[in-house]
Amino acid sequence: MTAPIGIEPLLAISHNTLVVACGVAAVGFAAGVIGCFGVLRKRALVGDAAAHATLVGVALAFLATGRRDLPVLLVGGFISGLVALGVLVLLKRCSRTRDDAATAIVLSVSFGLGITLVSGITARGIPGGAGLEQFLLGHTAALTTADAVLLAAVSAAAVLLLVVLLKEATLVAFDSSFAAATGWPVALIDYCLVMLVAVMVVAGLPAAGAVLVTALVVIPPVAARQWTDRVPTMLLLSGVFGVVSALCGVAVSAVVPRLATGPLVVLAAAFIFAVSFVVAPDRGWWARHRQRLAHQKQ
Amino acid sequence: MHPPLGEPILEFHDVTVAYGRRPVLWNVDLTIDEPGLFGIIGPNGAGKSTLLKAALGLIPLAGGTITFFGRPFAEVRGRIGYVPQRETVDWDFPVSVSDVVLMGTYGRLGWFRRPGRRERDLAGESLARVGLADVAGRQIGKLSGGQQQRVFLARALAQQADVYVLDEPMAGVDARSQELIFGVLSELRDAGRLVVVVHHDLRTAAQWFDRVALIDMRLVAVGLTATVLTPENLERTYAGRLDLLDELGRAVEERGRTS
């Protein structure tokens with residue numbers, strides 16, 4: 001077997017790029033798999049609120065440690081993402097604000113705060129602070145081998161946990177009141193699923209950035225749903241779509257320096273979605289169009 | 001199957017339920033101490049479904065107690081099968097008919113264990129009982145409303161319960177499916193189970209149920225169907241509803257024909 005053509009320019013660049021590509025591919029896969037349950041539970045935007053809030057934690061973690069250490073920054077981002085989700089829950093419970101409005105408020109306010117912090121750090125010229133902007137739109141070229149290994153490990157753990165919980169997660173996502181009546185702790189299982197989405201949003205930051213990382217947990221699942229009527233197949237397919245999208249972003253941004261990865265990843269995912277939307281058997285636009293025609297002929 | 005002597009199968013004691021600060025059910029006292037087909041009847045917004053959900057621990061009680069076999073629901077939930085309203089789930093969800101029926105076995109399986117041959121056989125039998133064995137592999141959204149309702153019934157059958165609780169199982173269901181569902185419920189009754197059904201159609205209620213409770217935010221009447229579905233009781237339950245006269249007329253007429 002010969003290597004696919006697209007890999008060769010990567011090999012020509014460096015060993016590190018290859019390791020980074022593998023790490024980011026793992027993130028793409030896990031984000032696609034985990035994202036399925038966000039979409040199936042109809043909570044696609046919850047991840048987005050968490051994603052936009054990660055910037056605050058990233059900036060604060062940098063200010064606290066004075067170093068641009070990826071694990072530290074990501075832990076900071078994870079914490080501020082969770083805080084934002086907590087605020088979201090409180091806002092819905094304690095005020096009469098509707099779901100979508102509450103999400104929009106938390107998302108924009110936390111993002112505004114994050115941008116203020118990051119641009120403040122950049123403006124002050126704090127050493128190392130300039131790189132923080134990379135968390136806005138993603139920039140995989142800056143990743144080290146150790147970073148990539150960490151991201152891959154986190155992704156593997158997330159997928160493993162979801163596979164273990166697959167039966168319970170499917171039950172809760174499909175029919176939460178039946179799940180509750182038959183004794184399953186719906187809130188706990190929901191909480192695990194939201195945590196997994198938050199973890200993948202944070203792990204996806206280097207690849208796609210705070211603004212666009214949601215696309216990694218939403219577009220591949222929606223595209224995968226077009227092709228199949230079964231949850232396990234959907235998870236697998238969504239993971240594959242995530243890998244392809246992530247790798248496209250890494251490959252192009254590795255070849256063209258200073259190009260942010262995030263937009264490329266999202267464009268690749270959008271392309272897969274568009275193709276799925278049109279040509280998927282049964283659910284695709286073309287298949288339904290032909291069904292309509294056949295129906296009219298009868 | 002039969003409850004220990006003296007313990008009612010299902011007992012509501014002074015139950016009050018509120019959504020926020022607005023009470024929807026007041027001081028309901030209701031005891032069911034023998035198996036059979038039991039209808040909970042009342043107008044829209046009377047709190048019928050609320051009563052069921054409260055019994056299953058899905059809505060907190062503002063006051064009172066509900067027990068199955070003399071014990072709180074949480075201790076005996078394995079013995080209670082549940083059929084929720086059809087509209088509560090997304091039928092576009094990527095699962096097959098048999099996947100959904102298998103969910104009835106999850107409670108018994110517990111955490112992390114996957115359904116095996118025994119569970120698959122049970123799901124297959126349950127599907128056959130509701131006449132859907134031939135669509136087991138189909139995605140649930142491709143079924144008719146009546147078939148979807150039968151999938152939910154099959155899932156409850158796979159729970160292998162002693163008490164079955166159904167929330168509006170006949171709503172938006174075609175005549176053939178209604179008959180099939182009623183047939184399965186009658187089988188359960190004949191096998192000594194208690195089947196509690198929230199139902200809104202007075203006409204069929206008179207034909208189907210052994211006993212009924214009339215509910216309009218409070219318990220209006222309870223007992224044998226023939227003695228409860230009287231014009232006076234119906235008037236008290238449906239007072240002020242626009243469709244009253246029509247429904248009432250049909251119900252009384254049906255009762256006269258069946259008794």
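**Figure 1. How much of chain A is buried.** In this predicted model, 51% of the 298 residues of chain A count as buried. Overall size tells a matching story: a compact globule with 298 residues would have a radius of gyration near 19 Å, and chain A comes in at 20 Å, which agrees. Along the principal axes, the C-alpha atoms of chain A fill a box of roughly 70 × 60 × 35 Å. Contacts reach across the sequence too: take the pairs in chain A that sit at least 6 residues apart, and 71% of them join residues at least 24 apart.

**Figure 2. The fold of chain A, helix after helix.** Count the secondary structure in chain A and you get 14 helices and zero strands. Written out along the sequence, the pattern is simply α-α-α-α-α-α-α-α-α-α-α-α-α-α.

**Figure 3. Helix α12 against helix α13 in chain A.** Here α12(A), residues 231-255, meets α13(A), residues 261-279. Their axes come within 8 Å and cross at roughly 140°. Angles over 145 degrees would count as roughly antiparallel, so this pair is classed as oblique instead. As for handedness, α12(A) and α13(A) make a right-handed crossing. On the α12(A) side, the contact residues include A:F241, A:V244, A:C248, A:G249 and A:V252. From α13(A) come A:T261, A:L264, A:V265, A:A268, A:A269 and A:I272. Sort the residues of this contact by class and you find eleven nonpolar, four polar and no charged.

**Figure 4. Helix α2 packed on helix α12 in chain A.** This view picks up α12(A) again, now with α2(A), which spans residues 15-40. The two helices pack at an angle of about 145°, and their axes are 7 Å apart. The crossing of α2(A) with α12(A) is right-handed. In this contact, 17 residues are nonpolar and eight are polar, with no charged ones.

**Figure 5. Where chain B touches chain A.** Moving from helix pairs to the chain-chain contact, how many residues does each chain put in? Chain A supplies 18 residues and chain B supplies 17 residues.

Note on methods. Residues are numbered from 1 along each chain as its sequence is written. Chains are lettered from A and ligands numbered from 1 in the order in which they are written. This is a predicted model: local features need pLDDT of at least 70, side-chain atom pairs count only at pLDDT 80 or more; totals for chains, interfaces and linings use all residues. Two residues are in contact if their C-beta atoms, placed from the backbone, lie within 7 Å. Helices (H or I, at least four residues) and strands (E, at least two) are DSSP runs, numbered from the N terminus. The radius of gyration is taken over C-alpha atoms; the globule rule is 2.2 Å times the number of residues to the power 0.38. A residue is buried if 20 or more other C-beta atoms lie within 10 Å of its own, exposed if 12 or fewer, and partly exposed in between; C-beta atoms are placed from the backbone. Axes are lines fitted to C-alpha atoms, for helices over the stretch in contact, and angles run from 0 to 180 degrees between N-to-C directions. Angles under 35 degrees count as roughly parallel, over 145 as roughly antiparallel, 65 to 115 as roughly perpendicular and the rest as oblique. A crossing is left-handed if the near helix is turned anticlockwise from the far one by less than a right angle, and right-handed if clockwise. Ala, Val, Leu, Ile, Met, Phe, Trp, Tyr, Cys and Pro count as nonpolar, Asp, Glu, Lys and Arg as charged, and the others, Gly among them, as polar.
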